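Open the structure in your viewer and keep the selection panel at hand. The tour goes stop by stop.

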Amino acid sequence: MRHLLLAALLTCSMAAPLRADHDDFWGQVGHRIIGRVASSQLSPTARAAVRTLLPGESLGSVATWADQIRSQRPETGPWHYVNIPIWDSIFRPATVCPGGDCVIAALERQLAIVADRGKPRAERAEALKWVVHLVGDMHQPLHVGDRGDRGGNDVKVTYDGKPGNLHAIWDTGLLLATGVSEEQYVVQFERTIRQRGDLARLTSGSIVDWAMESHAVSRDVAYPFLPASLELDDRYLAKVRSILEDRMLRASVRLAALLNKALG
């Protein structure tokens with residue numbers, strides 16, 4: 001995994017300097033991109049099921065629902081992440097996911113509800129919204145890997161001279177700094193998916209496998225490439241950009257694969 005990640009870094013392109021925007025890009029635009037791209041990969045049966053469960057809505061439009069209801073349902077807060085220490089290489093649920101309160105267990109639960117035709121439509125529709133969101137969260141490396149700093153939330157950095165933290169930068173600043181719009185990313189990812197011949201490999205494995213892949217990115221990329229000064233600029237983005245975009249692409253095709261199976 002480490003060799004694959006580092007090899008991918010060699011292909012990354014230079015980008016504009018980080019900007020001081022604090023919109024939750026991954027939580028809004030990034031999630032919508034993943035939902036929209038996944039929609040284009042649904043089977044006809046799964047697409048029809050989504051229309052039935054979400055009349056008048058789409059995977060893209062519901063992708064941020066789980067964040068929007070978070071303040072009203074604070075018990076769901078831990079569902080968005082799992083803090084697996086970067087020095088560990090195994091998912092230990094008793095330690096990092098007690099009571100099933102983590103992104104891995106929550107995603108598995110909600111996916112089972114989506115697949116259960118015996119459940120009420122409203123319950124399945126809500127579960128579908130959760131699945132769309134949690135797949136995206138799980139592919140953000142700092143929602144999984146942790147260095148004793150709450151997934152980078154406690155790592156104080158600056159970018160463009162403005163204070164922030166490492167988690168927020170992976171949620172926000174890096175994608176904004178690419179200068180690529182939501183529409184451009186959707187087109188780019190859909191074109192890449194059509195051209196790739198390894199989708200079966202990308203969608204193989206389990207939810208735990210995919211989470212540990214994000215963990216490896218946090219361990220091998222997000223943390224190690226930090227400069228000692230913690231003052232970030234376009235050089236950090238240049239090192240991690242291809243990995244960041246690859247996480248979104250993988251989230252998209254895996255979300256579609258999960259829904260094709262659950263709703264097919």
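In which sense do β3 and strand β4 pair, and over how many bridges? The sense is antiparallel, over four bridges. Strands here are DSSP runs of E with at least two residues, helices are runs of H or I with at least four, and both are numbered from the N terminus. Two strands pair if DSSP finds at least two bridges between them.

This is a predicted model: local features need pLDDT of at least 70, side-chain atom pairs count only at pLDDT 80 or more, and totals for chains, interfaces and linings use all residues. Residues are numbered from 1 along each chain as its sequence is written, and side-chain values use heavy atoms, without hydrogens and water.

Select residues 156–159, strand β3. V157 and Y159 lie on its covered face. K156 and T158 lie on the uncovered one.

β3 and β4 form a hairpin with two residues between them. Click D160 in the turn: its phi is positive, about 55°.

Now pick T158. Its bridge partner in β4 is P163. In β5, the partner of T158 is E231. β5 covers residues 231–232 and pairs with β3 in the parallel sense over two bridges.

Next, select helix α3 (residues 44–53) and helix α12 (residues 234–263). Their axes, lines fitted to C-alpha atoms over the stretch in contact, come within 9 Å and cross at roughly 85°. That makes α3 roughly perpendicular to α12, a term for angles of 65 to 115 degrees.

Last, show the side chains. T45, A46, A49, V50 and L53 in α3 meet L259, N260 and L263 in α12, with contact meaning heavy atoms within 4.5 Å.

Definitions and conventions. Buried means under 20% relative accessible area, exposed over 50%, partly exposed in between (1.4 Å probe, protein chains only). Axes are lines fitted to C-alpha atoms, for helices over the stretch in contact, and angles run from 0 to 180 degrees between N-to-C directions. Angles under 35 degrees count as roughly parallel, over 145 as roughly antiparallel, 65 to 115 as roughly perpendicular and the rest as oblique.
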